[in-house]
Amino acid sequence: MEIICYNNCMVRVSKQKVDKKVLNQINNRLIDVVSKLENNFSTQKFLDDLLTESEKIVLAKRLAVIFMLQENINWHKISILLKVSPTTVRKIAIDIDFEKYENILKIVKLRKNRMTFWVGMDLVLKMGIPSIVGAGQWN
């Protein structure tokens, strides 16, 4: 197995290359299945069935970095709070600058989604940083 590093996470990929047409077909099947998920429960079950705990953590942290960068939170604070390297935060910030996460950012920018994210994160991020909800809102 070949090990590929991206955003400081290790991903194991077989040395045997999959034909591009086959890869395209299986990617289309994945998109088809994901698009048919009906609710949070079925989405959670799907992710639990498909991804390892490590894969879910990597994706969740990446999404959290994107949300936090959109709120202009200091890169160093993001790194400390999420236990990711400053290099990872910088790479994601660069990707945002190059519009890599354009669709995610559209979702992030919706006030409802921002508030839902931060209310949930508020419980996790009790490390001396003021809450986004209430008197000590993020600046």
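## Helix packing and local geometry in a predicted model

Biologist: What is the relative accessible area of asparagine 72?

Modeller: Asparagine 72 sits in the loop between α3 and α4. Although not a glycine, asparagine 72 also has a positive phi, of about 60°. Asparagine 72 is exposed, and its relative accessible area is 68%.

Biologist: What pattern does the protein follow along its sequence?

Modeller: The protein holds seven helices and two strands. Of its 139 residues, 27% are buried. Read along the sequence, the elements give the pattern β-β-α-α-α-α-α-α-α.

Biologist: How are α3 and α5 oriented to each other?

Modeller: Helix α5 covers residues 86–97, and its axis lies 10 Å from that of α3, at an angle of about 65°. The range from 65 to 115 degrees counts as roughly perpendicular. α3 and α5 are therefore roughly perpendicular.

Biologist: Which residues of α5 meet α3?

Modeller: The two helices pass in a right-handed crossing. The contact divides into seven nonpolar residues, one polar and one charged. From α3 come Arg62, Val65, Ile66, Leu69 and Gln70, and they meet in α5 the residues Val89, Ile92, Ala93 and Ile96.

Biologist: What is the crossing angle of α3 and α6, and how is it described?

Modeller: Helix α3 spans residues 53–70 and helix α6 residues 102–109, with axes that come within 10 Å of each other and cross at roughly 60°. That angle makes α3 oblique to α6. The value and description are thus roughly 60° and oblique.

Biologist: Which residues of α6 make the contact with α3?

Modeller: The crossing of these helices is right-handed. On the α3 side the contact is made by Leu63, Ile66, Phe67 and Gln70. The contact of α3 with α6 has six nonpolar residues, one polar and one charged. On the α6 side the contact is made by Ile104, Leu105, Val108 and Lys109.

Biologist: Which residues of α5 make the contact with α4?

Modeller: The axes of α4 and α5 come within 9 Å and cross at roughly 120°, which makes α4 oblique to α5. α4 passes α5 in a right-handed crossing. Trp75, Ile78 and Ser79 represent α4 in the contact, and α5 supplies Pro86, Val89, Arg90 and Ala93.

Biologist: Which residues of α4 are buried?

Modeller: Helix α4 comprises residues 75–82. Serine 79, one of its residues, has 9% relative accessibility and so counts as buried. The buried residues of α4 are Ile78, Ser79, Leu81 and Leu82.

Biologist: With which residue does the side chain of threonine 88 form a polar contact of 3.0 Å?

Modeller: Threonine 88 is placed in helix α5, and its relative accessible area of 7% makes it buried. The polar contact of 3.0 Å joins the threonine 88 side chain to that of serine 85.

Biologist: How far apart in space are threonine 88 and tryptophan 75, C-alpha to C-alpha?

Modeller: Tryptophan 75 is among the residues of α4 that make the contact with α5. In sequence, threonine 88 and tryptophan 75 are 13 residues apart. In space, C-alpha to C-alpha, their separation is 9.7 Å.

Methods:
Residues numbered from 1 in each chain as written. Predicted model: local features only at pLDDT ≥ 70, side-chain atom pairs only at ≥ 80, totals over all residues. Heavy atoms only, no water. Axes fitted to C-alpha atoms, helices over the stretch in contact; angles between N-to-C directions. Helix = DSSP H or I, 4+ residues; strand = E, 2+ residues; numbered from the N terminus. Parallel < 35°, antiparallel > 145°, perpendicular 65-115°, else oblique. Left-handed = near helix turned anticlockwise from the far one by under 90°. Contact = heavy atoms within 4.5 Å. Nonpolar A, V, L, I, M, F, W, Y, C, P; charged D, E, K, R; others polar. Buried < 20%, exposed > 50% of the residue type's maximum accessible area, 1.4 Å probe, protein only. Polar contact = N/O pair within 3.5 Å; in protein donor to acceptor, adjacent residues only side chain to side chain.
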